[in-house]
Amino acid sequence: MLAVLCPGQGSQKPGFLTPWLDLTGVEARLRSWSTLADVDLVHLGTKADADEIRDTARTQPLLVAAALLAAEQLPLTEVALTAGHSVGELGAAALAGTLSTEAAITLAGVRGREMAAACALEPTGMAAVLGGDPDEVVAVINGHGLHAANRNGSGQIVAAGAVAGLEKLAAEPPARTRIIRLQVAGAFHTPYMAPAEAALASVADGITPDDPTRILLSNLDGAPVEDGREVLQRLVRQVTAPVRWDLCMATLAERGVTAVIELPPAGTLAGLVKRELRGSGAPEIVTLNTPDDLPAARDLIARHGTTARQEPGSRLDSNESRDETDRRESSA
């Protein structure tokens, strides 16, 4: 079984869309989507510096657009399952057939703007807690008045909340852990984002979703969601709810996923999957970052897609030389 994954905020890099603009129609597509998102996606993906694309209002539509642009170059009819991390879930919902591309881009623009506005209301932030016992880590996070906003698996839990609470967490961390403050604007996936959730819900009310045509996993609990209206409700709820990427990866294993393609900007989710799903059943992974990676992605689809005849015993990582195993943290 083949899964396609859409990354979340924190995975972007300056200029990462530049090579894609050499493909016919891509620049025109981005300019059309820029109108929907109310940001200049061409500039953001090619010329903007790291600080500019760190802005939540710009980053979120940029990431959804990047994933959908690359997906248009692939034979998606062969893909059985899709999932996205946080804002990446909007892209996954479009790939699953629940949202139109235009609706996904529009919602990403609203989501980014409104979450940025919510971040400005009071000083909040996020910090990655690496290592330790997961239950103990969550207990300490809660004890400091914070929220476990992301549970990414592979020993990564992201705490979010008031700056004072994050400072206490750094001073009094859980046993056997390392704390890394994340360069984000605020406490995503916590009650601090309630105004953004309300604003997104208002826009989502005007969208009529379709039921997914392939398996679509939810960040809320890692479960497949089959009803389009429920998908849309969960996408809205996710603004204030924790991201359970650990449960999404557990479902990948339970469903017998044999291959994974991460759409651009790829590397973060592939790294998490590689560390979490190890051993003889580890999926083959392709990180799709530039058009040069398209042949490897298409080959993976041909061998693991819904109509492919599986050849046992060949699960080498076809893109291992390019796999990014750094500790960049997806957060929003």
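Four strands form an open sheet in the order β4-β5-β3-β6, with antiparallel pairing. Strands here are DSSP runs of E, at least two residues long, and helices are runs of H or I, at least four long, numbered from the N terminus. Two strands pair if DSSP finds at least two bridges between them. The edge strands are β4 (147-153) and β6, each of which pairs on one side only. Neighbouring strands of this sheet are turned by 25 degrees against each other on average, direction ignored. Axes are lines fitted to C-alpha atoms, for helices over the stretch in contact, and angles run from 0 to 180 degrees between N-to-C directions.

This is a predicted model, where local features need pLDDT of at least 70, side-chain atom pairs count only at pLDDT 80 or more, and totals for chains, interfaces and linings use all residues. Residues are numbered from 1 along each chain as its sequence is written, and side-chain values use heavy atoms, leaving out hydrogens and water.

Strand β4 is joined to β5 (residues 156-162) by 5 antiparallel bridges. H147 stands opposite A160 of β5. Helix α7 (residues 163-171) lies across β3 (124-131), β5 and β6. The helix runs at about 135 degrees to β5.

T177 lies in β6 (residues 177-181). T177 has 19% relative accessibility and counts as buried. Buried means under 20% relative accessible area, exposed means over 50%, and partly exposed is in between (1.4 Å probe, protein chains only). T177 touches V129, L130, G131, G132 and V137, not counting residues up to four places away in sequence. Such a contact means heavy atoms within 4.5 Å. The T177 side chain also reaches the backbone oxygen of P174 at 2.7 Å.

Next comes strand β1 (residues 2-6). Here 5 of the 5 residues are buried, so β1 is largely enclosed by the rest of the structure. L2, V4 and C6 point one way from the strand, while A3 and L5 point the other way. What are the partners of β1? Strand β8 (residues 259-262) runs parallel to β1, joined by 4 bridges. Strand β2 (residues 81-84) also pairs with β1 in the parallel sense, over 4 bridges. L5 shows both pairings: its bridge partner in β8 is E262, and L5 stands opposite A83 in β2.

Salt bridges come next. The whole structure holds 10 of them. Each is a side-chain nitrogen of Lys or Arg within 4 Å of a carboxyl oxygen of Asp or Glu. One joins E72 and R29 at 2.6 Å, N to O. This pair links distant parts of the chain, 43 residues apart: E72 is in the loop between α3 (56-71) and β2, and R29 is in helix α1 (residues 26-37). E72 is partly exposed at 39%, and R29 is partly exposed at 27%.

Another salt bridge joins D221 and R234, with the closest N and O atoms 3.0 Å apart. D221 lies in the loop between β7 (215-216) and α9 (228-237), and R234 in helix α9, so the pair ties together parts that are 13 residues apart in sequence. Elsewhere, salt bridges that share partners join E52, D55 and R58 into one network. Within it, the side chains of D55 and R58 meet at 2.5 Å, N to O.

Terms used:
A polar contact is a pair of N or O atoms within 3.5 Å; within protein, one must be able to donate a hydrogen and the other to accept it, and residues adjacent in sequence count only if both atoms are side-chain atoms.
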